[in-house]
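Here's a quick briefing to read alongside the structure. Take a look at the chains first, then work through the points below.

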Amino acid sequence: MHLPAERNESLTKKNFPPTHFAYLKESVLSPRLSISGFATTARLLFTACIVILSTLVPALAEQPEPSPKPDIYRLTDIFQPQSRPAELIMEPTYLVLLICFGIFAVVVAVLVYVLIKFRPRGPQDHLEEPPQVYGSYNIEMAWTVIPCLIVFVLVLVSSRSIVEIQDQPMPEDAIKIRLIGHQWWWEVQYPDLGITTANEIHVPVSSKNGPPRPTHLFLESADVIHSFWVPQLAGKTDLVPNRLNHTWVEPYKTGVFVGNCAEYCGTQHANMLLRVIVQTPEDFEKWAVNQKQLPTEPQDALAIQGKKDFYALSCVNCHKIDASPAEGVFGPDLTKFAVRQTLGAGVALNTPENLHDWLLSPDSLKPGCYMPDMKLSPQQLSSLVAYLQTLK
Amino acid sequence: MINPDSEDPKFVEIPEPTGWPIIAAFGLVLLFAGLVTSFFITFLGVLVCLAGFAGWFLDVFPHPKHYAVPLEEAPEPHTTARSIKYLKIGHLGHRMRLPVEVPPLMAGVKGGIVGAVAMAILACAWGFFKYGSIWYPVNLLSAAAVPSLAEASQAALSQFNLLGFIVAVISHGSVSIMIGLLYIVLLPMLPAKFEWFWGGIMTPLIWSGFLFATIRFINPALAVHVDWPWFIVCQVAFGMVCGFVVFKEEKVETMQSLTLAAKLGIEAPEENS
Amino acid sequence: MAQEIIIEENYRMPAPVHVGDEKGSLTRVIQQLVFTVDHKKLGLMYIAAGLLFFVIAGLLAGLIRMQLAFPNNHFLPPDVYNQSFTMHGTTMIFLVGMPMAFGFANYLVPLMIGARDMAFPRLNAFGFWVFFFSGLLLYFSYVGAPGLYAAGSAPDVGWFAYSPLTTKAFSRGHSTDYWTLSLLLGGIGSVATALNILVTVFCMRCPGMTLGRLPIFVWCMVVLSFLVILALPCLSACQIMISLDRYLGAKFFDTQAGGDAVLWQHFFWIFGHPEVYILIMPAFAITSEVIPVFSRKPIFGYPVMVAAVVAIAFISLGVWAHHMFCVGMVSLANAFFVTSTLLVSIPTGIKIFNWLATMYGGKLRFELPLIFCIAFLFQFLIAGLTGVMLAVAPFDWQLSDSYFVVAHFHYILIGGLLFTIFAGIYYWYPKAFGKLPNHKLGLWHFWLFAIGFHITFLPQHFLGFLGMPRRIYTYQSDRGWDEMNLLSTIGVAIQSAGILFFVYNLIYSYFWGKKSGDDPWDAWTLEWATTSPPPEYNFAKLPLVKSRRPLWDAKHPEDPDWKHE
Amino acid sequence: MNSATTENPADWKLPSARKFGILTLILAESALFTIFVVAYLFYMGKSLNGPYPSEVLEFPLLGTLALFSSSGTIFMAERCLLAGNKPGFSLWWGITTALGIYFLYFTGAEWHHLIFEKNLLISTNTFGTTFYSLVGLHAFHVIVGVLLLLGILISSLRGRLHSDHTEHVEAISYYWHFVDCIWIVVLTVVYFLSVRVQP
C-alpha cells in the first residue's frame, strides 16, 4: 500500500511552523489555495482579512497554477460532497440556504431603511412624538402566513430527504463494515471478509453511471459515545454503547478522505481521526486479500529480536496479531500494522521515526491516551520498530 | 396614576432584613460540598441548614417581621415637553390599530379552499388527458415529501398511492388556505379596478416564478415532469377563483390614495385621503 | 395577605433611604447586602455576581481561543482545555445567563407592576445565595481534591455531560460530582426565584395592572419563570440520577448494566432546549422595552408579541431532540422534531418583524440602549437563520457538533442575549444609580465589542462548513482551518477591549456621571414613576394603572392611552 | 377596555400568594416526578438480571389505604378550621400526621424486606435503580409533608394558630393532596404495570 506522497510531511509532528510569524506567511501564500469550491472562496476571504490586519504582505499573491488533483482530501468541505449520501444532503441544504439568504437580505434591507429614514433630524425633532400606531392586522397576518408557508415547504423537503438518506435499503452485495469506537481509536471489522483493522476504512469506489457499490457501516461503541463523520462522504452518525446504529457511504472518487470523531469523548477527542481510503475495486480486492493473510515473517536479526521482545513484553495483553500469542483486545489489531498510514488514530504518520517516538513515549505524542509508556530500552525500541515494520 | 383610595401614610411597612436565608443557603451548600470532600462537612451542613430554616420560620411565624420606613417627599409629577403628532383625525380615527376594518378570516379560508378545488380539477384534468391518470399530478405534488415517489417511474406515478394522496391533500389544502389568508390582506392593497389582474394573474405569476427558480430543490420529481404552461394556468386559476371568492365574501374597501406603508398598516396615513 | 400592620415603636435597623446610595463604612455596606431581603439590592447583586462570573468565563474563553489560535498548539494540555470549555459553558449558562435574567427580573418586575417587593422576600434572598454559593462550589473544584496540580479536579465532561462519559468508569475522582452537585444546588435556587417571580406577577400587581396591561418585559419574565419551573426540575432529576449512579452504584446510565446512554440525552435536552429559550427571554424582554421608548411609539402588535412569546415557550418544550439528530432516531422522529423546531421560527420571526415595525414611523433616538438593541436585531436575525439551517435534519447531520453550531449559539447568546443585557444595563443604569452612563465610553464599548464579536464568530460558521468539529483541543495544520481560527482569536482580544470600556464606564459613571433625574428617557412603564434610585418601599402610594403605558397617561393628560386601548 | 376608567381599586382582587406559590411548587415537582416516572417506564422489563418486579413486589395495601385516607382527614381538618372548631382541627390534623407517619413506616418495612430478604439493592439492576429512586423520591416528599404537618400540629396544640393562618394550612393541604396524587401514579406504574411486564 503506497502512501500518498503529497504533503505527507505536514502531518508529522516535527512539522510545526518555526515561528507563528513565519507560519502566517506560509499559510497566506500557500499554494493550497488552489483547491476549488467553497473552501477557496472562504479561505481567500479570510486570508485577505489577515493580510489587511497584519499588513504582512503587500498584496495577495496571484492565484497559482492549479496543482494536480490531490488524492488526499484533507479539506473536509461539506460543500464538495464526493459520495451519494453527502450529495443527497445538499438538496435541502441549498434550499434552506437560499431561503435564509433571501430572508436575511430582505430584513436587513428593511432594517437599514428604517434606521436611515427615521433617524433623528435636527435639534427640535425630539420635541414631537410621532403618531402612535399600535399594530396592524394586515401586516401581522402577512408575516405570520408567509413564514408558515416557508416552514411548510421546508418540512416537506426535509422529511423526504431524511427518509431518502436514513432509510436507504442495503443491497445484498454491499460491503458491510462493523465500526467500533474506542477511546480514542476506531476498530474496523469486515465481518463478511474476516478482516479486522483500525483507524482506516478501505472502501471500493462507486460510480454514478454503473451499478452502485455502497458501503454500509454498522456503528457500535466499546465505551463512550463517539460519532462517525467524514464530511465529504456522509453526515454524522453517533456510535452509542448498547445500540446499533447504521450509516452508509457511496463515494464517487478514489483517494483518502479524512474525518473526525464528532462527539466529545474525553481527553483525546481531538486526535480521534479517521481515514476513509476509497480504492478502485481491483485495489480494494488486493488490499482485502492481503489483509486476510498472515503477516510476513521477519527476516533480519533485529526484527526477529523485535518479535521476541513483542511477545515477551506486555504488548500482547492489549494487541492482537493473528496466529501468535498476542491476543489482546484493548488496543488496535496489529496484524497488518505496517500497511496502515497513520499511528495513534491519525496523530502522526506511520513512519519508523514516528513509531519510535510513539513507543518511547505515547503520552508526549497523544497526552492522556491509554497506550502505556513501556519504559523500553533503546535496543528494545529499535527492535520493536523493526519488527512492527514487517507486519505487512 | 394617583390611587384615590389610599390615604397619606407616614410610614411604609417593609420586611425586616434577616440573616437566616443566607445561613440556610450556606448550610445547603455545605451539605452538598461534603459529598465531594468529607462527610463531616455534610453533617455540619445539615446542622447549619436546620438552624437557618428554623430561624427563617421564626421570622415569618406567627407574623412576618416588618419594620416601618418613613416616607420621603413624593417624586415630581411627571410631565413632558413633547407634543404628539396626531394621526389624521376623522377618516381613520386617531391612534388605533390600522387598518380599522378587520378582514374576515373566514373569507380567506373559503377562498383558499375553493381556489384549491379549482386548481386540483385543472391539474387532474391535465394528468388525465396527457397521461391518462388523474393520480399523476397528485403523486407529483406529494413527491416533495415522499422519497419513493420522487424516484418513481412514469408508470408508478400514474398509480394511486395512498400515502401520496394523503400528503398531497394535506399540503395542497394547507398551502391553499394560507394563500387565501394572504389574499384577504393583499387584495385591499392592490390598485382599484384591476384587482382581478393583479390578484388573479400577476400574483400567481410571481409565485410561479419563485417556484420555477427553486422547484429543483423543493420537488425534483415535479421539476422533471412538470408541464410549465399548464402549471401556470393552474396557478392563475387558483388566483382568479380565490380572489373572486374573497371579493364576493367581503367587499373590502381599497385604500387607493394611501402609501404602501399605510396600506400595510405599519405607518399612519398623514395627509388627507 | 391580611396581616394587620404592626408598627414597632422603635425599630432596630434604620433603613438606607435609597438603594445603591448607602452611606457608611464598607463593613456596613456588606452587612446590609448580606442581610438584605430587598428585591432591588438582590437584583443588583444577581447582576453583579453574573458579571463577575462572566469575566471569569470570558477568561476561560480566552484560554480556549489562545489554544486554538494555531494548529498543533501546546499552550494548554488536553485535560485543561477540556476543563476550560466545560467550565466556560457551565458558567455562562448557569452562572451568567440565568442570574442576569433573574437580576433584571428581580429589580424590575416589582417596580413595573407597581409592587413594594417580591411576594416572598426572604425566599428571594435564599434563592440568590444558593445560586451564588453553587457557583463558588463549582469553582472550588479547581482547588478541591486532589489539589492544585493538573488544575484540581474541575469538571471536564462538557456542560451537557453525556453519559456514559460521566460514569465512574470514565470519569474518576470527584470532578463530575462537582458539576452535578453544583447544578443541583443552583437548580434549587433557580426554581425558588422563578416561583417568586411568578407569584409576584400574579398576586402582587397594583390596582388596574391587568394581565393585558403588563409590560412585555414582565410577560417575558413570566414565560421565563414558567419555563424554569418546568425545565429546571428535569435537570435536577438528571443530576439526582447521575449522583445515584456515582455514589450508590445505581444503573441509570451504566451502559454495562443495561443502562441507556441516549436516555440521558433525552432527559438532558428536555431541560436543555427550554433552557435556551430561558436564556433568550431577557433579550426579548429588554428589546421590547427599549425599542418602543427610543422609537417613541408603543410596541407594535402587543397581543401578537405576547402570544408569540407564549407560543415560543410552548413549542420549545417539544423540540428537544433536534440536538440528537445524529444519535440514530427513527426517521419519523427526526421528521417530527424538524417540524416542531421549524415551527419555533414562526413566532420568532413575528417578533423580529414587529420590532422592526415598532421602529418604522417612529423617531429614533440613538442612545446606547437602542444601539445595542439594533445590533441585537441584526445578530439575532443571523442566529435565527442559522438556527433554521440547523433545524433541517440532513443539513444538521453535517453541521451538528461542528463549529457552525458554536457560531450559531454564540450569535444567540452573545449577539443576542449579551448585547441586550448591555442595552438593559445602560437603560436602567440611571434607574439604579441616578447617573447617566457615559455615551462616548459606551460607543467605544459598542463598536469594539460588536466588531470583535463578528470577527470572532463569523469565521466559525465557515470552520463548520470546512468540517471542524467542536471541543477539539488541537488540529493539524493542513485542514484549512488555520487562518480562520487565528482570526477568531484576534476577535476575542478586540472584544476584551470592549469589555474593559464597559467596566470602566460602569465605574466612571457611578462616580462622575451626569445626574440623570428620575426619568431620563421619557419612558412609560411604572419603574420610572418613582424616584431614581427608588426608595426601599418603591412607591409611597401604590399607583393606579389604566393602560399599558401609565406614564404616558400621566404625561399626556390631554390624550391618554386608556381612551384608545 | 374603557371600563378601566371606572375601575374601583377597592375591587382589585388577586389570588393568594401562598396558594399560588404552592401550586407553582407543585408544578415544578410534577416535572421532577415526570422524569423519574418516564425513567421507570423506560426501563420496565429491561433489567438484565433479577430480581424482577413480579418476583418481589407485593401490593402495598395498608400503606396505600393510610395515604389515601389521610387526604380525607386533612380535608376534614380544613373544614373544622374554617368552621372555627379548633379542637376538631387538631384531632383531624393529628390523625393525618399519624397516617403519614404510618405510611413512612410501611415503606421502611417494605424496603427492609426487599433489601435484606430479596437482595434487591439500588445497584442490583435497572429495576432496583428506578424503583428505589422513584419510590424514594415520593417517600422524601412524604417526609417533608409530615414535617410540615407536625409543625402545624405543634403550633395548633400550643394555641399559636390564628385565623389568618388558614392560608398556610390550605397551602400545606394542597401539598399533601399532591403527594397523594403522586402515589396514585407510582402505584399504577410500579405496582400495577411493572409486575405484569415479563422480563
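**Where chain A meets chain C**

Across the interface of chain A and chain C, the rule finds 2 salt bridges. Keep in mind that this is a predicted model. One salt bridge pairs Glu129(A) with Arg296(C), and their closest N and O atoms sit 2.9 Å apart.

*More on the A–C interface*

- Chain A and chain C also share 33 residue pairs in polar contact, counting pairs with both residues at pLDDT 80 or more.
- On chain A, the elements that each give at least two residues to the side touching chain C are α1 (20–28), α2 (38–54), α3 (84–117), β2 (128–129), α4 (137–166), β9 (234–239) and β11 (255–261).
- Sort that side of chain A by class and you get 62 nonpolar, 26 polar and 15 charged residues.
- In terms of residues, 103 from chain A are in contact with 109 from chain C.

*Chain A as a whole*

- Chain A has 10 helices and 14 strands.
- Of the 392 residues in chain A, 57% are buried.
- Take the contacts in chain A between residues at least 6 apart in sequence: 67% of them join residues at least 24 apart.

*Two helices in chain B*

- In chain B, helix α3 (residues 105–131) packs against helix α4 (residues 135–142) at an angle of about 115 degrees, with the axes 6 Å apart.
- From α3(B), the contact uses Ala123(B), Cys124(B), Trp126(B), Gly127(B) and Tyr131(B), while α4(B) brings Tyr136(B), Pro137(B) and Val138(B).
- Those contact residues split into 7 nonpolar, 1 polar and no charged.

- The peptide bond from Gln183(A) to Trp184(A) is cis, with omega near -10 degrees, and Trp184(A) lies in the loop between β3 (175–182) and β4 (185–190) of chain A.
- Ser163(C) and Pro164(C) are also joined by a cis peptide bond, with omega about 0 degrees; you'll find Pro164(C) in the loop between α4 (121–140) and α5 (175–203) of chain C.
- Asn242(A) isn't a glycine, yet its phi is positive, about 70 degrees. Asn242(A) sits in the loop between β9 and β10 (245–249) of chain A and is exposed, at 53% relative accessible area.
- Asp401(C), another non-glycine residue, has a positive phi near 55 degrees. Look for Asp401(C) in the loop between α11 (393–399) and α12 (403–433) of chain C, where Asp401(C) counts as buried at 12% relative accessibility.

Conventions. Residues are numbered from 1 along each chain as its sequence is written. Chains are lettered from A and ligands numbered from 1 in the order in which they are written. This is a predicted model: local features need pLDDT of at least 70, side-chain atom pairs count only at pLDDT 80 or more; totals for chains, interfaces and linings use all residues. Side-chain values use heavy atoms; hydrogens and water are left out. Axes are lines fitted to C-alpha atoms, for helices over the stretch in contact, and angles run from 0 to 180 degrees between N-to-C directions. Helices (H or I, at least four residues) and strands (E, at least two) are DSSP runs, numbered from the N terminus. Contact means heavy atoms within 4.5 Å. Ala, Val, Leu, Ile, Met, Phe, Trp, Tyr, Cys and Pro count as nonpolar, Asp, Glu, Lys and Arg as charged, and the others, Gly among them, as polar. A salt bridge is a side-chain nitrogen of Lys or Arg within 4 Å of a carboxyl oxygen of Asp or Glu. A polar contact is a pair of N or O atoms within 3.5 Å; within protein, one must be able to donate a hydrogen and the other to accept it, and residues adjacent in sequence count only if both atoms are side-chain atoms. Buried means under 20% relative accessible area, exposed over 50%, partly exposed in between (1.4 Å probe, protein chains only).
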